[in-house]
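Look at the pockets of this protein. Which residues line them?

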Amino acid sequence: INQMALKPKNLTHAQAAALPLVGTTACQAFKEHGLKAGHRVLIIGASGGVGHIAVQVASLQGAHVVAVCSGSNSEHVLQCGAKFVLDYRDGDIFEKISEECNAHGAFDIILDCVNSADSRDKEASYRSRIMAMKEITLTRGKGSDSHNYIVLGGLTKEWLQAGLLRFTGLNCFARSFELFWIKMPKARPALELLAELADRAAPGPSLVPKLNSADDFSEEAVRAAFESLRGRRTAGKIVLSIIKDIEN
């Protein structure tokens, strides 16, 4: 029962189905790392499944969000609540991040939705490059979170460290870094927060998952969905409907 919550009234069934995993990931990661109104947050991979929800969750709770994504997705990410978007395809993204920090200060939290053991993600090298200049990119000292560069994927060794942290509370990650492991058995508070953010009254902003595609369940649709995910250019979430023509 601690993994259940009522469907947000403002969302369709397809939108609501797209929300629990990515939304719980964002909510729990931000809560465990002390997100507060006024915090500066950098989200890498801001147009993806977790990323675009994380932008909304952080901004709706009063954070100042700077997002990294491609220019083609920048308009949507700005609509999600990001104050500024850095296009990784236009120039040196690390120089842009450095300039942003020099102009406006370090980030209280960096959520890296790109980092993983995949060779393509290693090539992007966000983690190593940003951590190399953590003196200007990450807040430090009293009142700062001591593991505020958060990734959602990594090496086997790091998953073992994340498991140790999850089940014993012992954090063996190096300072300023952590691989976050979602806690589905305790997801209800996050699901209720997501519903609250989604059901906020107009005309103010509310949380709305972006659907990259929504198709009826079939072998062809499943194959197409996995092909899209393998292409690593999916903006938002892919939804397959088991029951056809379900009403909102």
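The largest pocket is lined by 41 residues. Gly-48, Cys-113, Val-114, Arg-232 and Thr-234 lie nearest its centre. A pocket is an open set of points on a 1 Å grid over the protein atoms alone, where a 1.4 Å probe fits, with protein on both sides within 12 Å along at least five of seven lines. Lining residues have an atom within 4 Å of a point.

This is a predicted model, in which local features need pLDDT of at least 70, side-chain atom pairs count only at pLDDT 80 or more, and totals for chains, interfaces and linings use all residues. Residues are numbered from 1 along each chain as its sequence is written, and side-chain values use heavy atoms, without hydrogens and water.

At least two lining residues of the largest pocket come from each of α3 (49-60), β2 (64-69), α6 (119-124), α11 (219-231) and β8 (237-241). The top contributor is α11, with 5 residues. Helices (H or I, at least four residues) and strands (E, at least two) are DSSP runs, numbered from the N terminus.

The second largest pocket has 13 lining residues, and Cys-27, Gln-28, Lys-31, Pro-189 and Ala-190 are the closest to its centre. Two or more of its lining residues come from each of α2 (20-32) and α10 (188-198). Here α2 gives the most, 5 residues.

| Pocket | Volume |
|---|---|
| Largest | about 1200 Å³ |

A volume is the space filled by probe spheres set on the points, which are joined across faces, edges and corners.

The lining of the largest pocket has 19 nonpolar, 14 polar and 8 charged residues. Ala, Val, Leu, Ile, Met, Phe, Trp, Tyr, Cys and Pro count as nonpolar, Asp, Glu, Lys and Arg as charged, and the others, Gly among them, as polar.
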